[in-house]
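Trainee: I have a new model to read. Where do I begin?
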Amino acid sequence: MKNQWRMIVALLIALVVVIFALLNTQKVELNFLFGKFSLPLVLILVVSLLLGALVAVLVSTVTIVSLRRELKKKNDNEEQIKKQLEDDYQKKLTEVRAKYQRKVNDNRTNDLNLK
């Protein structure tokens, strides 16, 4: 059902574009530094729209790439912090276990000496 609605919307947009093109066929003169062009208005509008869309895609692509780099850098930093915390935890755990083992050994030694 979702794809049917997309198709209907796409057909409606295409219909609007065709009607727009048929209503705007008059010639328009464009002046550039290197010459003059006379083209139909609809062609100028469509080319302008496509160039605008291309610029928008390029700008958004640059933004997306920079955001992905930043996200990757932050994820790498987070992994490094997690690894550091895990290492610190393991060191402290080893120290506590060693201290506990010494106490157990001392208690055993004291018990054996008392007997």
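Here is a short walk through the main features.

Mentor: First, keep in mind that this is a predicted model. Then look at the elements along the chain.

Trainee: How many helices and strands does the protein chain have?

Mentor: The protein chain has two helices and two strands. Read from the N terminus on, their order is α-β-β-α.

Trainee: Why is the protein chain described as more spread out than a compact globule?

Mentor: Compare the radius of gyration with what the globule rule gives. For 115 residues the rule gives 13 Å, but the protein chain has 36 Å, well over that, so it is more spread out than a compact globule.

Trainee: What percentage of the residues is buried?

Mentor: Buried means under 20% relative accessible area. In the protein chain, 3% of the 115 residues are buried.

Trainee: Which residues form the nonpolar patch on the surface?

Mentor: The patch includes Phe32, Leu33, Phe34, Phe37 and Leu39. Leu43, Val47, Leu51, Leu54 and Leu58 also belong to it. Together these residues have about 1,100 Å² of accessible area.

Trainee: Which elements give two or more residues to the patch?

Mentor: They are strand S2, residues 35-40, and helix H2, residues 41-114. H2 gives the largest share, five residues.

Trainee: Let me try one residue. Is Leu43 buried or exposed, or something in between?

Mentor: Find its element, then its relative accessibility. Leu43 lies in helix H2. Its relative accessibility is 40%, so Leu43 counts as partly exposed.

Trainee: Now salt bridges. How many are there?

Mentor: Look for a side-chain nitrogen of Lys or Arg within 4 Å of a carboxyl oxygen of Asp or Glu. By this rule there are four salt bridges. Take Lys74 and Glu70: their side chains meet at 3.7 Å, N to O.

Trainee: How far apart are Lys74 and Glu70 along helix H2?

Mentor: They are four residues apart in helix H2, so about one helical turn separates them. Lys74 is at 52%, so it counts as exposed. Glu70 is at 40%, so it counts as partly exposed.

Trainee: What about Asp76 and Lys72?

Mentor: Their side chains meet in a salt bridge of 3.2 Å, N to O. These two residues are four apart in helix H2, which means about one helical turn between them. Asp76 is partly exposed, with a relative accessible area of 41%. Lys72 counts as exposed at 52%.

Trainee: One more pair, please. Which residue forms a salt bridge with Asp87?

Mentor: The partner is Lys83, with the closest N and O atoms 3.5 Å apart. Asp87 and Lys83 are four residues apart in helix H2, so they are separated by about one helical turn. Asp87 has a relative accessible area of 31% and is partly exposed. Lys83, at 53% relative accessibility, counts as exposed.

Note on methods
Residues are numbered from 1 along each chain as its sequence is written. This is a predicted model: local features need pLDDT of at least 70, side-chain atom pairs count only at pLDDT 80 or more; totals for chains, interfaces and linings use all residues. Side-chain values use heavy atoms; hydrogens and water are left out. The radius of gyration is taken over C-alpha atoms; the globule rule is 2.2 Å times the number of residues to the power 0.38. Buried means under 20% relative accessible area, exposed over 50%, partly exposed in between (1.4 Å probe, protein chains only). Patches are made of residues with over 30% relative accessible area and no salt bridge: like charges are joined within 9 Å, nonpolar side chains (Val, Leu, Ile, Met, Phe, Trp, Tyr) within 5 Å. Accessible areas come from the Shrake-Rupley method with a 1.4 Å probe; for residues, only the protein chains shown count as cover.
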